[in-house]
Amino acid sequence: MEKLDIKSLYLDELEIKLLELKEAKFRGKQLFDWIHNKKVRSYDAMKNIPKDLRTKLSEQKPLMVVEKANAFHDDRDGTIKYLFKLHDGEIIETVLMKYKYGYSVCISSQVGCKMGCTFCASTIGGLKRQLMASEMLDQIYAIEVDQDISIHSVVVMGTGEPFDNYDQLIRFIRLISDEKGRHLSRRSITVSTCGIVENIIKLSIDAPQVNLAISLHSPYQDERKRVMPIAGKYPLEQLIEACKKYTETTNRRITFEYSMIHSVNDSLQNAEDLGKLLSGVLCHVNLIPVNPVDERDYTPTGLDRIKAFKNVLEKHHIPTTIRRSLGQSIDAACGQLRNRYTKNNN
Ligand code: SAH
């Protein structure tokens, strides 16, 4: 029988499970509180739960679904990159970043990724498996306990394509924002997608308060498809149409991410056409110098060109920022650490 994954359950589901186990329903609230508020890492720490129930539960999936395997500190900016081990031995990475307003955590949504973006290290070994909601949640809980902090925001921008794991993503969002649990504001959560159109529309219904980021990387269908093969399935025109619908439904501003790759997508003509493409869309553009990845030969655009690119967008009245790159000295960028770990340990 499939083992019970208690950290992925909503409170009402947990109560039903307890009744099935011939336990009292009120234990559900107690357990939910231990898991999501007190964030204990073992059943033994649950003092008001009878020993026999704790024993019964410890025969199920471990409460600690992600276990710290290693952590790398970038002393220059306070970034910490965690490698977590999952119950089946898979490794995922999670990044803790320190900003003026508080701590932000960048979590993974899958083990590996099948989207195949040509500049991204996470996709090199393909998709290994989906992450459960519990494994997304526990990346955050494990870091909060490890550092004794309360994080301010979450970005689902680590390894994986969250919209390729939509149901567990929504479960994760509902659990972490549950007012009886961790109660993180949905406005403090950002989900980043390569552009899976139907789930952009779904998100506007299921969780309209969450921030949406779209990885765009080019204003041209052909060029975009060369760097992001998924554009073959979801053409640019459909993507922009879905974004417009999304902003109409939610009245929320979309962030477009644009990784700047030297001589690939960084001409001023690109900027001009990007400006035209996005005119009239409630949005903001984030320019990111591409992080060089071992297996790829891309180099980042220089800062002068990035600034010129930004000026062109601003002439089109598109708010634009240049993303500060955190944690570079520890390979905190985009799946590189997991790759190196996996290479060295196989
Ligand atoms: N699959 C989702 C989320 C994970 S990638 C998505 O595509 O949005 C998170 C962001 O990092 C994306 O904008 C992605 O394009 C960007 N990214 C990936 N590899 C990068 C690299 N080497 N340099 C700069 N940005 C990168």
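**Ground rules.** I number residues from 1 along each chain as its sequence is written, and my side-chain values use heavy atoms, with hydrogens and water left out. Since I work from a prediction, I asked for pLDDT of at least 70 for local features and 80 or more for side-chain atom pairs, while totals for chains, interfaces and linings use all residues.

**Aromatic pairs.** I searched the whole structure and found four aromatic pairs, where rings of Phe, Tyr and Trp (its six-membered ring) pair if their centres lie within 6.5 Å, and planes under 30 degrees apart count as stacked, over 60 as edge-to-face and the rest as tilted. One of them joins Tyr-99 and Tyr-101, which are stacked at 5.2 Å centre to centre with 10 degrees between the planes. I also looked at Tyr-258 and Phe-309, whose ring centres are 5.2 Å apart and whose planes stand at 45 degrees, so I noted the pair as tilted. Tyr-258 belongs to strand E10 (residues 254-260) and Phe-309 to helix H10 (residues 303-315), so this pair ties together parts that are 51 residues apart in sequence; helices (H or I, at least four residues) and strands (E, at least two) are DSSP runs, numbered from the N terminus. Both Tyr-258 and Phe-309 are buried, a word I use for under 20% relative accessible area, with exposed for over 50% and partly exposed in between (1.4 Å probe, protein chains only).

**Charges over rings.** I then looked for NZ of Lys or CZ of Arg within 6 Å of a ring centre and within 35 degrees of the ring normal. The charged end of Lys-38 sits over the ring of Trp-34 at 4.5 Å from its centre, and Arg-171 lies over the face of Tyr-10 at 4.3 Å from the ring centre.

**Helix H5.** Arg-171 is also among the buried residues of H5, a helix (residues 166-176) that is mostly covered, with nine of its eleven residues buried. I found these buried residues packed against partners that include helix H1 (11-20), helix H2 (27-36) and H4, taking contact as heavy atoms within 4.5 Å.

**Ser-134.** I looked up Ser-134 in helix H4 (residues 133-147); Ser-134 is buried, with a relative accessible area of 1%. Not counting residues up to four places away in sequence, Ser-134 touches Asp-5, Lys-7, Ser-8 and Val-65.

**Helix H8.** The buried residues of H8 include Leu-236, Ile-240, Cys-243 and Tyr-246. Just after H8, Asn-251 takes a positive phi of about 60 degrees.

**Strands.** E10 and E11 run parallel and are joined by seven bridges, where two strands pair if DSSP finds at least two bridges between them. Ser-259 stands opposite Ile-288 in E11. Six of the seven residues of E11 (residues 283-289) are buried, so I noted this strand as largely enclosed by the rest of the structure. Strand E1 (residues 67-74) and strand E2 (residues 79-85) pair in the antiparallel sense over seven bridges, with Ala-71 opposite Tyr-82 in E2. E1 and E2 form a hairpin with four residues between them, and Gly-78 in the turn has a positive phi of about 80 degrees.
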